[in-house]
Structure formats: C-alpha cells, structure tokens
Amino acid sequence: MTAFLQPEHEELRAVVRDFAQKEIAPHASQWDRDHHFPVDVVHKMGELGLFGLTAPEAYGGGDGDLVALCVAIEELGRVDQSIGITLEAAVGLGINPILTYGTDEQKERWLPDLVAGKKLAGFGLTEPGAGSDAGATATKAVLDGDEWVVDGAKQFITNSGSSITSVVTVTARTGTRENGKPEISTIMIPSGTPGFTAEKGYDKLGWHASDTHPLSFDGARVPADHLLGERGRGYAQFLATLDDGRVAIAALAVGCIQACLDMALEYAGERQTFGGPIGRKQGVAFQIADLEVMLRASRLMTYEAAAMKSGLDSGAVAMKEFKQAASAAKLYATESAVTATRIATQIFGGYGFMEEYPVARFYRDAKILEIGEGTSEVQRMLIARGLGLPVE
C-alpha cells in the first residue's frame, strides 16, 4: 500500500476490513438513525485486539505502533466514521495518556480493561470557553488534604458517558505560576464519582453512533494519587497527546476518502444517463480522478507521519519534524475528506441527498474532521511556526 507499511500491517488491514464488513457495515445506517452506541461491537473490537495495538504485552496489548493503529482506524472509518472515532479516541485520548504518564499503580488499575475493550476512557480538555485556546482552562482542582476537589465543565468529550466508561482524564487549574500564568495539571476522575456528571449526549450533525457528552464537576473529590503525571505538566501532556491524535484523525479521514472513492466509482459505473454510464462523462470521471489523487496523497502523508513516531524513540526523527508532519497530514487529509464527500454526494445527484444512501452519512460525518483535535486554522498556525514564522 505504501512504503511505510510492513507485511504485518497489511495482514492487520485484512483482518479489520473483514471485521468491519461483517460486524459494522450491515448495521451502520441503523445505528446512525437511532443514535445508538454499539457497546457489543466495542467489546468485539477489544477481543480482536484493536484497543491494545499500541500497548505493551504487560497490559494485554500487542506491542504495536502508531502505524498499526492508523491501519485499523482507516479500515473502520471506511465503513463507519463513528466506530473509527470510537477507536481513535479510546486509544489516543483514553489509553495513551495513562500509558505515557501514569504510575505503575495507575497503569495496573486502569489499562487491562481499557486495552481489552471492556471499558473506555475519555480525555476532558475542551471547555465552553477553552477550545483551541486550551490555556484558558477554567476548570479548577484544589488539593484538600489527601484529595483533589474538582469544579468546572468540559464539552465535546468522546467516550465519556457510555455505560462502559470507567474514567475520564481532565485538565484543570491547580494553581498559579510565578509569572501569573495558570498551573495546569491532569487528574483522573472515575465514573460514578459524586459530583461528576456526564450530561445528556449531544444531538450532533454527524458521528451519531459515537458517545459524546458535556461533563460537569461540582465538588468532585478524588484521591490525591489520581494526579496523572507531574503537577503542572498538564499543558505539555495534552499537547503531546494531540500530536499522536492528529495522525490518527488523518487516518480516519483517509478511510472517509476511500469510502467516497469506492461509492463514487460504483455509482458512476451503474447510473445510466443519455444512453450510457455517467462515468464516461469527463465532468464525473475527472472528479473521481481527483478523489484518487487526494486519497494517495493523504494516505502517504498520514503513514509517513505515523512511521516517524517510531523514529522518535530511536532518535532517528526529531520531535519538531514529527510535529510538522502530524499537523500537515491532519490538515491535508481532513480537508480532502470534506471535499471528497462533497464530490461523492454531487456524483450521486439527488440520491446523495437521501439518508438511505451511505454517502449522505459520510457527508455529515466529515466536517468534524476539520475541527476535532486541532482545527485546520490551528494546524496552519503550527505549520507556519514550524517554518519559523512568528505567527499568532
């Protein structure tokens, strides 16, 4: 597929593609209509080992890499973007922060069930008044004896209020630095903690089969040892977490583009007008050719960035280089995905506007790709800064 994929990655692709076709494709439209989060499928994904692709064997994982995770996300997203984001958020935002910054005790407590797909974890960063400007976090955590007392609110948090959500990691102000800037730390808050409420799920434009909630904290108390990583390092932790997440979102976008190409090709060969298939018309054929170009470019950029992550540990790749590649892949792939859904819907004509055709679902699902885990505007800012421009 690309120079960055090994035989074992292609073997994984075949397994996940078969799973997606059998367990997800027949139900995706109904789940979307019903806004149903399929817990049983999450468990089956866990049995398949998908939540443990990047986790060590010690916690039930497969000792895999970001490339493997991207392959799985792409194949799931090719069938259902909601299920693709469920895996992406569960690993990138749920498991990875605990795996990267947690103590041995925290890892032993939370990771086995998360890696097995028995439970899910969320990551609470975004707030009503703090999205791209995450430094404006207003949620506060005060150390009272041997407990943190958390007050505040988070919004748009994936996997945060399902029946199998076990914990949500949140960023909170835990003090003020000497320079007047807030000290931001990361605290783990188990589901069921008094004062912690996952509010009613959102009525979203897309991703109807994913679990997304606003969260509120009203004097929620957790033990002091629920601090994740060092106190005051929350800002740096979530920035690093989002780097991996951007690559994974790009993989979800690749799956979306692939689905659009597949649907457009099939329809252009079947739909008859003026005595022949519409695919013989340049106005249609050239647009499908554009889909192929977007797909190839997006896939190469995504898997190059994913492969670079493995090079960080060995020192073969500089962090700055990886961050630049992650932002570029996220920006290009997600904007291409939105364009791809517009093209595919246009090719379907009036049928593309009907919910009975999957292309309509992909059209609705795609827009959030340009927003989640760093908007397109944020990616352009980061890329420009990486080039040495003093952009604000």
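This is a predicted model: local features need pLDDT of at least 70, side-chain atom pairs count only at pLDDT 80 or more; totals for chains, interfaces and linings use all residues.
1. An unreviewed UniProt entry carries the annotation "domain: Acyl-CoA dehydrogenase/oxidase N-terminal" for residues 7–118. In the model this span is 71% helix and 0% strand. Its end C-alpha atoms are 29 Å apart.

2. **Main core.** The largest nonpolar core has 91 residues. Helix α7, residues 234–270, gives the most to this core, with 17 residues. I24, M45, L50, F51, L76 and L87 have the most contacts inside the core. In soluble globular proteins, nonpolar side chains tend to be buried together.

3. **I24 and its contacts.** Neighbours within four places in sequence are left aside here. I24 then contacts F19, W31, V41, L76, V79, D80 and I83. L76 is itself listed with I24 among the residues with the most contacts inside the core.

4. **Helices α7 and α8.** Two packed helices are described by the angle between their axes and the distance between the axes. For α7 and α8 (residues 282–314), the axes come within 9 Å and cross at roughly 155 degrees. Angles over 145 degrees count as roughly antiparallel, so α7 is roughly antiparallel to α8. The crossing is left-handed. On the α7 side the contact includes D244, V247, V254 and Q258. On the α8 side, L291, L295, R299 and K309 are among the residues involved.

5. **Q258.** This residue is found in helix α7. Q258 counts as buried because its relative accessibility is 11%, and the cut-off is under 20%. Beyond four places in sequence, Q258 is in contact with R78, L295 and R299. L295 and R299 belong to the α8 side of the helix contact.

6. **G229.** Where is G229 found? G229 is in the loop between β7 (212–223) and α7. G229 is partly exposed, with a relative accessible area of 26%. Not counting residues up to four places away in sequence, G229 touches Y101 and Q237. G229 and T186 are 43 residues apart in sequence, and their C-alpha atoms are 7.2 Å apart in space.

Definitions and conventions: Residues are numbered from 1 along each chain as its sequence is written. Side-chain values use heavy atoms; hydrogens and water are left out. A nonpolar core is a set of buried Ala, Val, Leu, Ile, Met, Phe, Trp, Tyr and Cys residues joined through side-chain atoms within 4.5 Å. Buried means under 20% relative accessible area, exposed over 50%, partly exposed in between (1.4 Å probe, protein chains only). Helices (H or I, at least four residues) and strands (E, at least two) are DSSP runs, numbered from the N terminus. Contact means heavy atoms within 4.5 Å. Axes are lines fitted to C-alpha atoms, for helices over the stretch in contact, and angles run from 0 to 180 degrees between N-to-C directions. Angles under 35 degrees count as roughly parallel, over 145 as roughly antiparallel, 65 to 115 as roughly perpendicular and the rest as oblique. A crossing is left-handed if the near helix is turned anticlockwise from the far one by less than a right angle, and right-handed if clockwise. UniProt positions are given in the numbering used here, feature names are shortened, and annotations may be inferred rather than shown by experiment.
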